[in-house]
Amino acid sequence: MAARGGRLTAAWRTGLRWLRSLVRTASITFVVLTLTLWLLPGVRSADVVDTLWLVVLVAGVGAGARLVLFPAIRFLGGLAAMILGAGTQLSVMAVALRLDPADRVSGLPATMIAAVLAVILAALLNWFVDAGTDAAFVAELRRLMIRTRRSARPSVPAGSRAPSMLVVQLDGVSSALLGWAVRAGNLPTIGGWLRSGTHTMTGWHTGLPATTPAAQAGILHGDDRAVPAYRWYDRTTQRLVMPSRPRDAAEVEARISTGAGLLRDGGASISNVFTGDAPTSLLTVSRAAFPGRSARGWAVFMASPYGFTRAIVLGLAEVLTELHQARLQRRRDLHPRVSRLGAFLALRPAAMLLRDVNVSLVAEQMARGTPVIYCDLVDYDEVAHHAGPARPEALKALETLDHALGILQRLAGESAAREYHVVVLSDHGQSLGATFRHRHGETLEAVVGRLTQDATPPLVVASGNLGMLYVTGQPDKLTRAQLDTRHPALVDGLVDHPGVGVVVVDEDDGPVALGRGGRHHLLDGTVEGADPLAPYGPRARADLLRHQQMQHVGDLVLISGVDQATDEVAAFEELVGSHGGLGGAQTDAVLIHPAGWPRESGGLDGPAAVHRQLVAWLEHLELRRRPAGHPDPAAEPVDSAIPV
């Protein structure tokens, strides 16, 4: 009897939610159609009864369209899903208006205008009714997870909830900034975990370079010496490499993958640079594809009015917000600052849209019972680059990521097969500072061209406040003597430049860090004169020495100066918030994990150390398979076992 009563109660609650959703949808459709018809010129009638019949038509056409749309999107996948999802929402409204018994909208142009206006108004009204709670979006994701659970094969025995791991990367968030935001009470999800004692937060040192491709090569594949910068010159192929391009990311992954990546045992990679050897890769750069036909989360996001259309409307709001915030910086004469026009106007709403897509894809993977999921959320990093790491708009972006974590935490309970333990980490931090060009009136490329006075000066490659110079066409890195022969004024000229803090070059006795007042031998730590590495902290020597041992590192490596009073750096790119080099918070990343989970003794130094730690946790959760007699080189012992 108790079981039957429980089923009846559940059915009653389900029916009540369905009825509430139906009333809400009908009410919003009625208001939207009334406003649309009122705004259109030449509409002959605004009769309430006629509009109610139109609401019924919209519901009927929409239901029929969804029966065809969802299978079609799953079959087509990719970009076609995006186009079809948006087009169908417009088509439903257009068809309903054409079938309107009152025939109030005449002609195809007027019908299409009315359809576009109605879809936009519906998205805005839904957002207003939800008052920023994302209730409808979460409800849609819950329905997605229920449908996915019913159709997917369970990966664990029925009735069990095996421990699993969800790793969420907050791109570009330093440990100091996150700690401050928690103490300020701005991050209720992360703050709640830490204050309740369910999670623990620690920092980890990224080393050089402090970039996403380098960090993910180490975290996902255990190789933190294959990526010397965000972009670099490959002496073998004699071309510029950028892992943000799919072809380059695929080539880098082919070199670093050993088949023992973090996600090899049934994992999923979502919105990362590399796959981590995951059998499921969604929106991963090295795979260069939109989600395929099997990605139900992608299909639902594109087809749902709470998905793609909502994201587009809110994305337009983000553009307006960005224009307003940039204007405020100019009016207040806030420094340092950079131009926030151009491509960034598209990047900011794109990052927001991608966040919602990622949440949908993670929800689907949790419903499928995927044992380990790794997803990168980039909102904060994109905003902080142009606004500044601790400016209000960047902190607001961080708050939205905390909100996304809250949604994922709520959705994790919908996974009947697995209990997801959430791990949150960042890949690097960001450092504030006026750019090199703003401070000195010329770019680093211009400085090099002036010092070489040559028709073919060295190639200059910048990644934040890390610069690398290459003499192209050479199979190996050149020494100081070889560079002086080719360009006698280059090295000394760069060392003497007020915007350059350190120049690293190979001499006869190994790599040397040169500054205006002294030199630091990286191999043995011998310092002559004033130590040029002192402003960069005690890890600078080890970071630069490890960097010098990477393949394809520049003939010259430059780090911009750092202001010891403010920790500000001067990016060689036009970014007010930067990372890639040394100085400030850019090498200080964060790791948040369930309390009681052990950490490697001595702290985590470098992305490969984070990889070993994550692998160790997977092993203790029994999510990592190791063939008998074949120790996994990626996993080293840690101090104790995880209580499960």
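Predicted model: local features only at pLDDT ≥ 70, side-chain atom pairs only at ≥ 80, totals over all residues.

Q: Which residues touch the most other members of the largest nonpolar core?
A: Met165, Leu544 and Leu614 do, in a core of 57 residues.

Q: And which helix gives that core its largest share?
A: Helix α20, residues 607-620, with six residues.

Q: What does a second, separate core include?
A: Ile270, Val383, Leu395 and Ile592 are among its 50 residues.

Q: Switching to the sheet. What's the strand order?
A: β2-β18-β8-β1-β7-β5-β6. The sheet is open, has seven strands and shows mixed pairing.

Q: Which are the edge strands?
A: β2 (199-205) and β6 (280-282). Each pairs on one side only.

Q: How many degrees are neighbouring strands turned against each other on average?
A: 15 degrees, direction ignored.

Q: Which helix packs on the sheet?
A: Helix α8, residues 212-221. Helix α8 touches β1 (162-170), β2, β7 (372-377) and β8 (418-425). Its direction makes about 170 degrees with that of β7.

Q: Back to β6. How do β5 and β6 run, parallel or antiparallel?
A: Parallel, with three bridges joining them. Strand β5 covers residues 268-270. Serine 269 has serine 281 in β6 as its bridge partner.

Q: What about β8 and β18, parallel or antiparallel?
A: Antiparallel, through two bridges. Here leucine 425 is paired with leucine 591 in β18.

Q: How many of the residues of β18 are buried?
A: Six of its seven, so the strand is mostly covered.

Q: What does threonine 587 touch?
A: Trp204, His205, Thr206, Gly207, Ala210, Gly581 and Leu582, leaving out residues up to four places away in sequence.

Q: Back to helices. At what angle do α8 and α20 cross?
A: Roughly 30 degrees, and their axes come within 7 Å. So α8 is roughly parallel to α20, because angles under 35 degrees count that way.

Q: Is the crossing of α8 and α20 left-handed or right-handed?
A: Right-handed.

Q: Which residues meet there, between α8 and α20?
A: From α8, Ala214, Ala215, Gly218, Ile219, Leu220 and His221. From α20, Pro607, Ala608, Val610, His611 and Leu614.

Q: Last one, β16. Why is that strand largely enclosed?
A: Because five of the five residues in β16 (556-560) are buried. Leu556, Leu558 and Ser560 point one way, while Val557 and Ile559 point the other way.

Q: Which way does β11 run against β16, parallel or antiparallel?
A: Antiparallel, with four bridges joining β11 (466-470) to β16. Glycine 467 stands opposite leucine 558.

Q: And how many bridges pair β12 with β16?
A: Four, in the antiparallel sense, with β12 spanning residues 500-507. Valine 502 stands opposite isoleucine 559 in β16.

Technical notes: Residues numbered from 1 in each chain as written. Heavy atoms only, no water. Pairing = 2+ DSSP bridges. Axes fitted to C-alpha atoms, helices over the stretch in contact; angles between N-to-C directions. Contact = heavy atoms within 4.5 Å. Core = buried A, V, L, I, M, F, W, Y, C linked by side-chain atoms within 4.5 Å. Buried < 20%, exposed > 50% of the residue type's maximum accessible area, 1.4 Å probe, protein only. Parallel < 35°, antiparallel > 145°, perpendicular 65-115°, else oblique. Left-handed = near helix turned anticlockwise from the far one by under 90°.
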